[in-house]
Amino acid sequence: MSERTIRGKTAIVGIGETTYYKHGQTPDPEFKMGLEAVLLAAEDAGIDVREIDGFASYSNERSTPERIATALGIPHYGFSNMFWGGGGGGGSGAVANAAAAVAAGYAEVVVAYRSLAQGQFSRFGQGAQTSHVTGEMAFSAPYGLMSPAQRFAMRVQRFMHDHGVKQEALRAISLTSYAHAQNNPRAVMHGRDLTDEIYDNSRWIVEPFHLFDCCMENDGAAAVIVTSAERARTLKQKPAYILAAAQGSFLRQGSWAHNAPDYATSNFKTVAPKLFEMAGIGPKDVDVLQSYENFTGCVLISMVEHGFCEPDECNDFFTIENFRAPDGILPLNTSGGNLAECYMHGLELITEAVRQIRGTSPNQVSDVEISMVTSGPMVQPVSSMILATEPV
Amino acid sequence: MTTEQQNALPHGLPIPAPSVDGLGAEFWDATRRHELLVQRCNDCRNWQWGPEHICHHCHSWDLAYEPVEPTGAIYSWERVWHPVHPALVNALPYMVVLVELPQAGNVRMVGNLVGQDPEIPIEIGQNVEAVFEDHDEDGKGYTLVQWMLSEKV
């Protein structure tokens, strides 16, 4: 039998994270943090780090496999892989590529990782600082449309117009992340409670995004170890089986100057059905969700496109009561996520999804069987992933 | 500088230039003549924007830039309050509009809304007309395509 799927064939068996810092606050170079995360993930898995024989990352990760393997004296690796595209679109995709490498026999133990020190190289929230711009940016930067917030606000504005979405729906996403961060000592915004009033009075970055609708910029690194389901059962941690993963984009989403034919989308419309088809489950089966918050409005659209809510029902569905662990109908971003734990480009959402499977989250949901992640809405391509306590 | 005062945004933002492979050159050249061009396939007559080397619809290489009436309707908009470039620090807030051109296959163009206080509310669907904003302060001149509500023109 050679069913063409990775369903249940691999698992995440180790997670590692450095301390998370506000941008510019880490005492360590970016690469050193990357090494630390890889070492911690291997230690967590109970695997000698020298057994790592594959590497997967995304968003033009600067800490390359060759440099890591050299620094750690890794005797051999047989898989090195970069998920195309910027932003966090490749978070789940990198794990999926790791799983595919294991399933296909290219490697036995693959690390998916991301290291990021904003300020040591550049910052995502700053516009182009060059004198001239060419290509896509020539059609937007001279008009002051430069940053990710500005690029995505335009799509979110249109979605909110089309479906009558109110600002309070976005606010609920932000308040949920901040509330969950208050129980998470790792979170950069631990101790910084957010209320309706603070949100409403916060300055606009670009309408419809207030300050608290926007992710942070942080320093840190995170890594997860993927190996076969068979090996996973022999290791010290409870396996988080990779039930399904999907990535991609659809018709002309990369068009310059905001010309995607289907415009008000987070780019998951063709990815989500493939994800659930591979998993053999539906959105109602998901016990807990980590949904990448570059900006709250993008979370909203990606959740709609994964079928958690009808587009015209957002105002009723997007409430903090629905999203709060442990009792909400769909606990969301239970570590605080990109908004309030750390903007580790969504890899911290994957480690949290694993903790929910293990039962070790700071905001643990009871009886989790299905733990889902969506990565990097609005960019091209995007990815998402479903983890499970059992491989079938 | 009197020209500065008429511009939607201050001097100092990046200057648009054609791609190194030439894409976009005809468009930017035409803006100097205050003409709005959109790419169109000579074979299947499909419109497309931004510029490409091939027609995405029929895969013809035979593409032209065709003049279009410089009018459209607001498809989406955003009011920017946080500067992500030093040139914008004293220009806040400003309005960016995404304008749909029904006469050119509903392609869209990004520009600033000019001719009114940026804090005045606007609506998706409002009609706009292009305003060609000449910049000659950098030696090599260029022209931006801005938009004004039709009722203001």
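Predicted model: local features only at pLDDT ≥ 70, side-chain atom pairs only at ≥ 80, totals over all residues.
Let me start with the contact between the two chains, to which chain B gives 35 residues and chain A gives 38 residues. On the chain B side, the elements that supply two or more residues are strand S1 (15-16), strand S5 (71-80), strand S6 (94-101) and strand S7 (107-112), and by class that side divides into 23 nonpolar, nine polar and three charged residues.

Turning to chain B itself, we find an open sheet of three strands in the order S3-S2-S4, with antiparallel pairing. Strand S3 (47-48) and strand S4 (63-67) stand at the edges, each with a single partner strand, so one side of each has no neighbour in the sheet. Strand S2, residues 37-41, is joined to S4(B) by five bridges in the antiparallel sense, and Gln39(B) has Tyr65(B) as its bridge partner there.

Finally, in chain A, helix H4 (residues 148-163) packs against helix H9 (residues 296-305) at an angle of about 55°, with the axes 9 Å apart, and the two helices are therefore oblique to each other. The crossing of H4(A) over H9(A) is left-handed. Phe152(A), Val156(A) and Phe159(A) of H4(A) meet Gly297(A), Cys298(A) and Ile301(A) of H9(A), a contact with five nonpolar residues, one polar and no charged ones.

How values were computed: Residues numbered from 1 in each chain as written. Chains lettered and ligands numbered in written order. Contact = placed C-beta atoms within 7 Å. Helix = DSSP H or I, 4+ residues; strand = E, 2+ residues; numbered from the N terminus. Nonpolar A, V, L, I, M, F, W, Y, C, P; charged D, E, K, R; others polar. Pairing = 2+ DSSP bridges. Axes fitted to C-alpha atoms, helices over the stretch in contact; angles between N-to-C directions. Parallel < 35°, antiparallel > 145°, perpendicular 65-115°, else oblique. Left-handed = near helix turned anticlockwise from the far one by under 90°.
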